Amino acid sequence: MSWGTELWDQFDNLEKHTQWGIDILEKYIKFVKERTEIELSYAKQLRNLSKKYQPKKNSREEEEYRYTACKAFLSTLNETNDYAGQHEVVSENMTSQITMGLARYVQELKQERKSHFHDGRKAQQHIETCWKQLESSKRRFERDCKEADRAQQYFEKMDADINVTKADVEKARQQAQLRHQMAEESKADYSSILQKFNHEQREYYYTHIPTIFQKIQEMEERRIVRLGESMKTYAEVDRQVIPIIGKCLDGIVKAAESIDQKNDSQLVIEAYKSGFEPPGDIEFEDYTQPMKRTVSENSLSNSRGEGKAEPKFGGKSKGKLWPFIKKNKGATPEDFSNLPPEQRRKKLQQKVDELNKDIQKEVDQRDAITKMKDVYLKNPQMGDPASLDHKLTEVSQNIEKLRLEAQKFEAWLAEVEGRLPARGEQARRQSGLYDVQTTPTVNNCAQARESSPDGSYTEEQSQESEVKVLAVDFDDEFDDEEPLPAIGTCKALYTFDGQNEGTISVVEGETLYVIEEDKGDGWTRIRRNEDEEGYVPTSYVEVYLDKNAKGAKTYI
C-alpha cells in the first residue's frame, strides 16, 4: 500500500488532504489550549472560594475554629486549595507536554509539506516541458514532411512540362532534395526527443512521483501518530494527579471523621462557664407579722439594693443572681472584672502568657545587641560600640515595662485564684524579682482547674515555665594583627545587604570562608578576603565545616 503507486495521478487531492491533516492538528492544539485555560480559571475560582471562607485573623471567627467541626471545615478549605493546585498542575503539564510541542511540530510539518509538494511541482513542470518539446519537434517533423511532398510534386510537374527550361527543372529538383533532407533531419530529431520524453515520463511516474508521494505518506502517518501520542499524554496528565486528588479527598474524609461532638460540647462549657452556682431558694417573707418581717439575703431586691457583691469562691454564692444581672456594655476594664470568675481567670492567664512571650522576644534582642557590642569592643574596626548603647537602653526599658505589666496581671490572676500574696511578700517581689540587669525567671501562673459538682474549685498546680536569659559565651578573642583561621566554607542561599555595622554583604550563590560559628544568636562570622569580614544571618548561608580545622565542632 503506497500512495506513490496507488495515487500517482492524485497530486491535487493529496495536497488538499495533507492541508486538512494540519488543520486537524491545529484544531486539537486549540482544544487543549482552551482546556488549560478552563483548568486555570477553575483553579483560581477554587482558591478564591477557599480564601473567602478562611477565618479572619484576630477576629471572633478565629476563636470559633477551636471546635472540631470548624477545624474539619478549615481542613476542607485547605484540601480544596490543594485540589485547586492539582488543576493548575494539569494546566501546566498540558501546556508544556502537548501544546508547546505540537505547536513546534506543526511549524516543522508545514515546512516539510511545502518542501515535498515543491519537489512534486518541480517534477511536473519538468515533464510538461519535455512534453512541449516533443510536441514542437513533432509539429516541425510534420511540417517538413508536407513541405517535402509539395516540393516533390512541384519537381515532377516541372519535369513533365516540355515548355519549362532545363535550368528550372534542375532548380525544382534541388529544392525537392533539400526538403527531403530537412524532413529526414526533423524525423531524426523527433525520434530522439520522443525517446527522451518516454524515458523522462517513466522516471516521473515510476520513480520521482512515487518517491515524493511516499515521503508525503510518511509525513502524514507521523502526524497521525503524533496526534495519537498527544491524546495519550492528555489522558496521562489527568491520570497523574488522580492519586493526589484522592489524597485531598481522603484528607477531607479524615477531617470529617475527626469531628468530636463531645469535645465541642466541653469547649462550649469552657468558653461560657461563669463559675457561679445557681441561686438558692428565696425565703418566704411573712407579711402577716410586720414586727418580725425580714428581708431575705437571697431576695432579688436585696441583690439590687446592696449593689455589687463580691462572689465567694469555694463556697455557695448567696448574694448574687448572676443570670439576672445585665451585662455592662461599656468599655472592658483592664482587669476583666466585668467577666464571671472562670472567664476572667482565662482572660488574665491569656494576657500573662502574651506578656511573657513579648518579654522573651525583648530578652533575645537584648542578648543579640549585647553580643554585637562585645564584638565591637574586641574588634573596633568592625563598628562603634557606643552606637548600640541607645538601642540597648531602649530594649532594657521595654523589658522593665513589660515585666511590671506582667506583674500587675499576675497579681490580678492570683486574686482571682484566691491566693493573693501578703503585702510584705508582694513588696519583696516588686523590689527584687524583676530586676532588669539580673537573669530572672518569669513564672507562669497557669493553673489547671476542675469544677466540682457543688461549685467549689480544685486546683492542680501546673508546671512553671521559666524564661531564662542565656549568658553570652565567646570562644575566641579577636586578634587585630593576625586574622582568625578559616574553619570551613559557606554558600550564600540568599542575597544579604549588610547595611549595619559589623555585617558584610553577600550575593546569592557566593562562596566564602567561615571563621566563627553561630554561637546561638543567629549570626555567623565569615570572610571574603583578608580585608572583608563580618557577620551574616545564619539562615542566609549553608555552612560546610572542616572537621580537621581548629575550633570546628562536630555534630552527631
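**Aromatic pairs and nonpolar cores**

Tyr53 is partly exposed, with a relative accessible area of 41%. Here, buried means under 20% relative accessible area, exposed means over 50%, and partly exposed lies in between (1.4 Å probe, protein chains only). The model is predicted: local features need pLDDT of at least 70, side-chain atom pairs count only at pLDDT 80 or more, and totals for chains, interfaces and linings use all residues. Residues are numbered from 1 along each chain as its sequence is written, and side-chain values use heavy atoms, leaving out hydrogens and water.

The structure holds 13 aromatic pairs. Rings of Phe, Tyr and Trp (its six-membered ring) pair if their centres lie within 6.5 Å; planes under 30 degrees apart count as stacked, over 60 as edge-to-face and the rest as tilted. The ring centres of Tyr53 and Phe73 are 6.5 Å apart and their planes meet at 75°, so this pair is edge-to-face. Phe73 is partly exposed, at 36% relative accessible area.

Phe496 and Tyr540 also form an edge-to-face pair, with 5.5 Å centre to centre and 70° between the planes. Phe496 counts as buried at 15% relative accessibility. Tyr540 is partly exposed, at 28%.

The largest nonpolar core has 35 residues. Such a core is a set of buried Ala, Val, Leu, Ile, Met, Phe, Trp, Tyr and Cys residues joined through side-chain atoms within 4.5 Å. Leu25, Tyr28, Met94, Ile98, Phe213 and Ile216 touch the most other members. A second, separate core of 22 residues includes Val363, Ile369, Leu388 and Trp412.
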